Structures are given as structure tokens and as C-alpha cells.
Amino acid sequence: MTKIAILHEGVLDKKVIEGLIKHIGLNEKRIVFYPMGVKSNFFDEKHPAYISLSLSVENDEINKVFFILDADNCYMNQGGMIKTQEKLQVMIKSLGFESISRFYITHDPRTEDKEGFIESLLLSTIPEEKMNCIDRFLECTGFDKKGGDKSTYERIYKSIAHPLSPYNFDHIHFNELRTQLTQLFAD
Amino acid sequence: MTAPTTAHFLTDIEIKQFKCFTDFKASGFKRVNLIGGKNNVGKTAFMEACYVNVCAINVNAMATAIHDIKFARENLNILQNLFHNKSIDKIQILDTTKNYSTKSCLRKIEFHISEKNAIKEYNFSIDSELVIINAKEFNLIFEYIKNIKLIDNFGWSDNELAEAYEAIQKHEKETDLSALVQEFDDSIDSFKLIGGTKPQCKIKGEWRDITEFGDGLRHYISIICAFYAGENGYLFIDEIDNGIYYDHLDRLWEIIFTLSKKTNCQIFATTHSKEMLESFARVAKKLDEQDISYTRLVKNKNQELKSITFDYAVIKYSTENAHEVR
């Protein structure tokens, strides 16, 4: 049985991935989670997670690697989907994981530049009328969507936004991540 | 006062040939090194390879070390043979190791037995200096390096313990040792070597032989004494958790971390116990003891023996995230 390492940022990413894997009906026993804490750790080749993972890959204990991290925003040219993808690909190459890796960069699919994070992806899966309402609320209150506190998004999602519990995995915005995971387990 | 040098520490080893090892490499050793892996993977053999390498400062010391690792494994059989009046031939014991070849940060050594004109020859090589001794002329002279100690799976005999206890006496640490023994078993008032050779514990004013107590106590005392005896040297312990109750593991590691630093003694210990590894990681984190490593021996899908060495940061990360490192 091939073992899959999933590298993620924090607790929420893990919860969502675990939930989605169960929802799809994939074998969760094949997964070993590697929390990276913050996004910048994904680009630190000497991070203990990478050392531990490299040893496990070398030793055939891990056969596939999946990265899931936030796109964040394009502000000051530091984030966004393209920048994050470029930096991640450099890291995957330097780790020597090209042939065994897949990744998904979490973002709000409604944004033109594919910006955002796991929390904004979740918010994007609520019914449209509620979403419009929340968008208006965020705009009116001046909440800085470009650099605001991510946990606020999660709180809004959890407490007022979503009628389904806990996540709306059948939403079209989960399709890309669902495909990635299905292929990861199938390869 | 200058800090003691750690230049003698073994940081890496390449085992070209020895027992189950062929072209095997391991590196990243620190002051305190734990070795793990499944049963029969070669943990003890790996430690033996390291032991012989550090001992091999000359031909006699090298031959003694090669002899001793086999002797340690054959302890029970040798004892039984003696009981049946069968003598032990030290050369015969040495002969069981046909090949040994390692290269470390300290030295490159090789040993093999060959045959020339139907006469056996013993080939010793230390840093490319080759010594060939004809079997007829070979006289194995035991030479022990005083500050390299090995505690095998069977534990130390009274004599070995007595010898190491001398170092405790030299350092005037008898009271400290007794206090540690008391911590281990609060019914014991103190520990002493009566008549210089008989390890005894005092309970309610009466001295009792250590053999009356569990193996764990002897093992525990041996480890503490071995650190003092191995000052500026090395300590090798096979199955470190032998006989030690899980409740004492954290305290044992605290003592090991403290004494290894105090005596500047590098330690290699094997275990297959999950509790021991967890305790090792837990205490290292608590004391912020970073000069540690955990080496796991594994077989890959081609059945080749490999080593995976985790340093402090990786041990901490792996245990915090419940990754299987055993």
C-alpha cells in the first residue's frame, strides 16, 4: 500500500482535507500529515518536516507527496497563485520530489488572480445570496479582504454563513481539489 | 578552563562488510545516540561495528574488541561449556568473525582471515597500515581501552561493575550514586562495593547482595558507573531499557543526558521499545538537549539495510506530530 504524505499549513487545512477524503471515500489510512505551520516554512528546505519526509521517501515509507498551501494575495508581489506555484515548484525540485508530488494552492475561485486562502475557499462555497450579503458586509465594514485576519473568515463561515455542516464538499469550488485528491490516490 | 574536546566523537561510519552489513552508511551521530529498528534488523551488530571502530587504536585493541563482541554474544554458551569443563579458546572466538571492514571519521579499519599455504593468516589494517600475522605466531593479547565501555544484553558481571565503580570512587561520587539508587528504589538506603568486588545494597540497615534485586537495578547502576569510567570516551549499551520499569525511563534519560555531558562521554544505545524512544524525545525536549540523534535501521523494498538518522529538530517534529519514527 503506497503511503501519501500531505503537507499542510495549519489545523483547518488538515480538517478540510480529512473531511474531503472521507467524503470521497478514499482510504485515509494511507495518509501521513505533515503540518508546516506557516506558508513560509514550505520554502525552507531545512525544515524538520522536509528532513523527516526526505528520509521516509528515501526509505520507501512514503511514496507520494501532496502539498496544500494558501495562494494568499498578490499584494507587494509576494503571494498569489502564480508566485506561490513558482516558489513551490522550485522547492519540490530541490527536494527531488518532482515525480511523486502534486499540489493544490487554496484560493477563492471567484477572484480574477486566484488569490485567497483555505478560509476564503470555504466562504466561496456558501449559497450565493448569503455570499453576496457577506461580501457586502466585508466591503461596508472596511474589513481588509486583501490582508485581513483569516480566522475572521473562518468564524463567519462557521457561525453564520453555512447552513450545511461542516463543509459543503459537493460545491463546484471543491471540484479541483477533489480531482487532485482522487488522482493522488489513484496514481 | 577550556571545555573538553569532542574531537573523539564518532560522527559517521561506513560499514563495508560486517555481519549483515555491506556498503552501509550512517552519519549524524551526536553526544547521545539511540539506535532503533525491528527485531533482527542488526541494531546490536551496528553498535558492535561502531564499538570495534572506536577501539581499534592498535592491532591488539582491535583484536580484543572483535573477540569481545563475539564473547559477549556467547556468554551463556561459554558459561555452559565451562560448567562441562570445556575450555574456551580465545582464538576460536576471534575466528568466528571472518570479515570486518569499517571507515569512520576516526579511522579506517579492516580485518579478515585468509589462508596461505594451508596456514591461516590474520589480516589487520588500521588506516591502511597492514599487519599480517601467521596463525602459528598469533598470540592474542587482550588490550582494553579504559574509557570505552560496553554493556551487553546480559549486563555487567560483578567484576565489570567493580572496575567501573573505581571511577565513581575516584570522582568521589559514592554519595551521588547512592542517592540515584535510592531514587530508583526508595527502599534502598545506599549502595556500596563490599570488599571491593561485591555490589551490595543496604536495606533497613542490612547489606544485601545486588543479585537479590531485579536486573533493572544492576543495569541502572552499571550505566551510571560506566559514564564515570568512560570519561572522555564512549559508552555502548545494548538494549538500554533492559529491566527498567517504564516509570523510570524519563529519569534514566535525564541522568544519561547530564552524565554524558559531565563526563564528555559519547553514548550509543540500542532499543526496540517505543516507550524508550518516546521518553528519549520527551526528556530531550524538556531539557532542550539538542546534542542527540536517533538512528533507525530499516530494510528497503530491495531488502537492503539502510539507516535513517534523525537529529533533535526532526525527532521533536516527528514526535509532536505522532509520526512513527520507531
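The model is predicted.

**The sheet of chain B.** Begin by selecting the strands β2, β1, β4, β5, β6 and β7 of chain B; in that order, these 6 strands form an open sheet with antiparallel pairing. Strands of a sheet pair through backbone hydrogen bonds. Next, colour β2 (21-27) and β7 (129-134) of chain B: each stands at an edge with a single partner strand, so one side of each has no neighbour in the sheet. On average, neighbouring strands are turned by 15 degrees against each other, direction ignored.

Select β6 (residues 119-126) of chain B, which is joined to β7(B) by 6 bridges. Within this pairing, B:I126 has B:E129 as its bridge partner in β7(B).

**Helices on the sheet.** Then show helix α2 (residues 59-73) of chain B, which touches β4, β5, β6 and β7 of chain B.

**A helix pair.** Move to α8 (residues 249-262) and α9 (residues 274-286) of chain B, whose axes come within 9 Å and cross at roughly 55 degrees. The two helices are therefore oblique to each other. Residues in the contact include B:W253 and B:F257 of α8(B), and B:M276 and B:F280 of α9(B).

**Between the chains.** Finally, display chain A, of which 10 residues are in contact with 12 residues of chain B. Which element gives the most to this side of chain A? It is α2(A), with 5 residues.

Note on methods. Residues are numbered from 1 along each chain as its sequence is written. Chains are lettered from A and ligands numbered from 1 in the order in which they are written. This is a predicted model: local features need pLDDT of at least 70, side-chain atom pairs count only at pLDDT 80 or more; totals for chains, interfaces and linings use all residues. Axes are lines fitted to C-alpha atoms, for helices over the stretch in contact, and angles run from 0 to 180 degrees between N-to-C directions. Helices (H or I, at least four residues) and strands (E, at least two) are DSSP runs, numbered from the N terminus. Angles under 35 degrees count as roughly parallel, over 145 as roughly antiparallel, 65 to 115 as roughly perpendicular and the rest as oblique. Two residues are in contact if their C-beta atoms, placed from the backbone, lie within 7 Å. Two strands pair if DSSP finds at least two bridges between them.
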